[in-house]
Amino acid sequence: MTSTATPVSAVPGTSPRTAIGTVHGVGLGPGAQDLLSVRADKLVRGARHVAYFRKEGRAGRARRIVDGMLRADAVELPLEYPVTTEIPLGDPRYNMALSAFYADSIARLRAVVEAGEDVVVLCEGDPFFYGSFMHLYTRLQGVAPVCVVPGITGMSGAWTVSGTPITWGDDMLTVLMATLPEEELARRIRATDALVVMKVGRNLPKLCRAVAAAGREDEAWLVEYATMPEQKVTRLRDADKATPYFSILLIHGQGRRP
């Protein structure tokens, strides 16, 4: 298996003889423990230091995925978001709060690796696919060695449990965020063959209107908790108003096939 380690130049303040640890961004897949890769499973079970994102007062989705897998003496580093949906994304205070949060998170990780220890950062899905780890990754360049372990994406888990292939032949697949403006959602939904919409949550009413405006209401499905015991697959028009933030909407392509 080819290493996905990112080449890092000499870390400021250290010498080649100084022992320094590595930050491992580990993709956990869509939710089921047995969908972790062999490499991810080995790193999670052997980690002395484990970091993960969570909302204050919550266990954290990534941490729940690895429940029962961590070694008894593992040191946990919960990284608690200062804000999630309380402030609009366009509000300058949102970026200010998140920037300070990521800077603090880097300082905590750096303290571990500069002590010569590795740290595993748990990532839902794949670390490089709309995940919070990306914001750490870019800030860690030139600061500490970083290795990234890919994971099965949440959307892959969703279309698999839907029981229908997502694309055929020359189908064009579009991935959208439900946080987009309603008119933009409708335009892009109308223009694609196959569709994945993530971050549904409180955006469900807007998304339903956009799908209807695009004339594709009969094709749309909502998948909740894909690959987990509580998973649920329903037609969008039959979905409840309150759905988990990580629910995924699907429209399957109907393209060329033999």
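This is a predicted model: local features need pLDDT of at least 70, side-chain atom pairs count only at pLDDT 80 or more; totals for chains, interfaces and linings use all residues.
Figure 1. Strand E8 spans residues 194-198 and runs parallel to E7, to which it is joined by five bridges. In general, the strands of a sheet pair through backbone hydrogen bonds, in either a parallel or an antiparallel manner.

**Figure 2. The open sheet of five strands.** The strands follow the order E7-E8-E11-E9-E10, and their pairing is mixed. From one strand to the next, the twist averages 20 degrees.

**Figure 3. Helix H6 against the sheet.** Helix H6, formed by residues 182-191, lies across E7, E8 and strand E11 (248-251). The helix runs at about 165 degrees to E7.

**Figure 4. The packing of helices H6 and H7.** Helix H7 comprises residues 204-213 and packs with H6 at an angle of about 45 degrees, the two axes being 8 Å apart. On the H6 side, the contact is made by Glu-182, Leu-185, Ala-186, Ile-189 and Arg-190; H7 contributes Lys-206, Leu-207, Arg-209, Ala-210, Val-211 and Ala-213.

Figure 5. Arg-48 belongs to the loop that lies between helix H1 (38-46) and strand E3 (49-55). With a relative accessible area of 32%, Arg-48 is partly exposed, because this value falls between the 20% under which a residue is buried and the 50% over which a residue is exposed. Leaving aside neighbours within four places in sequence, the contacts of Arg-48 are with Arg-71, Asp-73, Ala-74, Val-75 and Glu-117. Val-119 is 71 residues apart from Arg-48 along the chain, yet the C-alpha atoms of the two residues are separated by 7.1 Å.

Figure 6. The average pLDDT of the protein is 90, and 90% of the residues score at least 70. Over residues 1-10, pLDDT stays under 50, and the model has 17 contacts beyond four places in sequence for this stretch. Over residues 12-17, pLDDT likewise stays under 50, and the model has three contacts beyond four places in sequence there.

Technical notes: Residues are numbered from 1 along each chain as its sequence is written. Side-chain values use heavy atoms; hydrogens and water are left out. Two strands pair if DSSP finds at least two bridges between them. Helices (H or I, at least four residues) and strands (E, at least two) are DSSP runs, numbered from the N terminus. Axes are lines fitted to C-alpha atoms, for helices over the stretch in contact, and angles run from 0 to 180 degrees between N-to-C directions. Contact means heavy atoms within 4.5 Å. pLDDT is the predictor's confidence in each residue, from 0 to 100. Buried means under 20% relative accessible area, exposed over 50%, partly exposed in between (1.4 Å probe, protein chains only).
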